[in-house]
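Biologist: Please take a close look at one part of this model for me. I would like to know how its pieces are joined, what packs beside them, and which cut-offs the terms rest on.

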Amino acid sequence: MRRAFISDLHLDQTDEDRFSRFQEFLNVESDRLEEIYILGDLVESWIGDDDDSEFARRLIETIGRASKKSALFIMHGNRDFLLGSSFFSETGSTLIPDSTQLEGGLLLSHGDCYCIDDHDYQEMKILLRSEDWQREFLSQSLENRREFGKKIRKESQASNATKAESIMDVSTSAIEEVKNRKDITVVIHGHTHRPGIEKHDDGFTRITLGPWERCGWVCYQDDSEFKLSCFNLQDRYEI
Ligand SMILES: [Mn+2]
């Protein structure tokens, strides 16, 4: 099975380069791979499937084109958890829940569920993922929702700037828990923006995807082989 895993693209209307690289990436890889997984934070914010912006329309078109050639799976992150059923049916992609397990003991997560030392974050997550909050939010005008999106991003940047580095990383005990599961040998996650491959002595592997910031991080799978790499976001994406 040949797959690619990406996360934390944080696409928005302001970064044209990054959006073009994403289009090229999907175009090239959907010809070549059987499955493509986006493990959360595809966009910087998603205010609802009824967003009528040019950006939202382009995103839906781009994913729709790729999903005709390759199976596309998307997991919610903490920025794009409002990607809803219209988005998935319009794009032909499939929503997968956090902690989805694939064959060969492969576990997929956005990664924020392992950041259990960040109590403020986890509390906020419970609120934002509740049905009541989402229903109320989606009932507001697009204009209000756009404003709220901007506000919450600023607040999160400000609060992250004062938090200890270790709090925003995964907690060792949360990873130990995953590792202790007999049915899991590899976990792939994003969210922390600390890309790398961690191989444990007992054969357990943790692969952390990176953000599309200075370069575009991708993990390629070819059966039991995993390769983490980063491509230039300034140049056209080619293989
Ligand atoms: Mn995230």
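Modeller: Start where strand 1 meets strand 10 (residues 215–222): the two run antiparallel and are joined by four bridges. Two strands are said to pair if DSSP finds at least two bridges between them. Strands are DSSP runs of E with at least two residues, helices are runs of H or I with at least four, and both are numbered from the N terminus. The model is a predicted one, in which local features need pLDDT of at least 70 and side-chain atom pairs count only at pLDDT 80 or more, while totals for chains, interfaces and linings use all residues. Residue numbers run from 1 along each chain as its sequence is written.

Within this pairing, the bridge partner of Phe 5 is Cys 219 in strand 10. Strand 10 also pairs with strand 11, in the antiparallel sense, over eight bridges. There, Asp 222 stands opposite Glu 225 in strand 11. Strand 10 and strand 11 form a hairpin with two residues between them, and Asp 223 in the turn has a positive phi of about 55 degrees.

Strand 1 (residues 2–6) also pairs with strand 2 (residues 35–38), here in the parallel sense and over four bridges. The bridge partner of Ile 6 is Ile 38 in strand 2. Strands of a sheet pair through backbone hydrogen bonds, either parallel or antiparallel. Strand 2 in turn pairs with strand 3 in the parallel sense, again over four bridges, and Tyr 37 stands opposite Phe 73 in strand 3. From strand 2 the chain passes through helix 2 to strand 3 in a right-handed β-α-β crossover. Right-handed means that, with the strands pointing away from the viewer, the path from the first strand over the helix to the second runs clockwise. Strand 1, helix 1 and strand 2 likewise make a right-handed β-α-β unit.

Next comes the link from strand 3 (residues 71–74) to strand 4: the two run parallel and are joined by two bridges. Phe 73, whose bridge partner in strand 4 is Thr 94, also stands opposite Tyr 37. Taken together, these strands belong to an open sheet of six with the order 4-3-2-1-10-11 and mixed pairing. Its edge strands, each pairing on one side only, are strand 4 (94–95) and strand 11 (225–232).

Now the helices beside this sheet. Helix 2 (residues 54–66) has 13 residues, which at 1.5 Å a residue should span 18 Å; its end C-alpha atoms are 19 Å apart, which agrees. The expected span is 1.5 Å times one less than the number of residues. Leu 59, Ile 63 and Ala 66 of helix 2 are buried. Seen down the axis of helix 2, its buried residues fall within an arc of 60 degrees, so they line one face of the helix. The arc is that of the directions from the helix axis to the C-beta atoms. On the other side of helix 2, Glu 54 and Arg 57 are exposed. A residue counts as buried if 20 or more other C-beta atoms lie within 10 Å of its own, as exposed if 12 or fewer do, and as partly exposed in between, with C-beta atoms placed from the backbone. The buried residues of helix 2 pack against helix 1 (16–32), strand 3 and helix 3 (85–91); contact here means that the C-beta atoms of two residues, placed from the backbone, lie within 7 Å.

In helix 1 lies Ser 20. With 14 other C-beta atoms within 10 Å, Ser 20 is partly exposed. Ser 20 and Tyr 237 are 217 residues apart along the chain, and their C-alpha atoms are separated by 8.9 Å.

For context, there is also an open sheet of five strands, with the order 5-6-7-9-8 and mixed pairing. Strand 5 (100–102) and strand 8 (196–199) are its edge strands, each pairing on one side only. In this sheet, strand 7 (residues 186–189) and strand 9 (residues 205–208) pair in the parallel sense over four bridges, and Val 186 stands opposite Thr 205 in strand 9. Arg 194 sits in the loop between strand 7 and strand 8. Arg 194 touches Asp 169 and Thr 208, not counting residues up to four places away in sequence.
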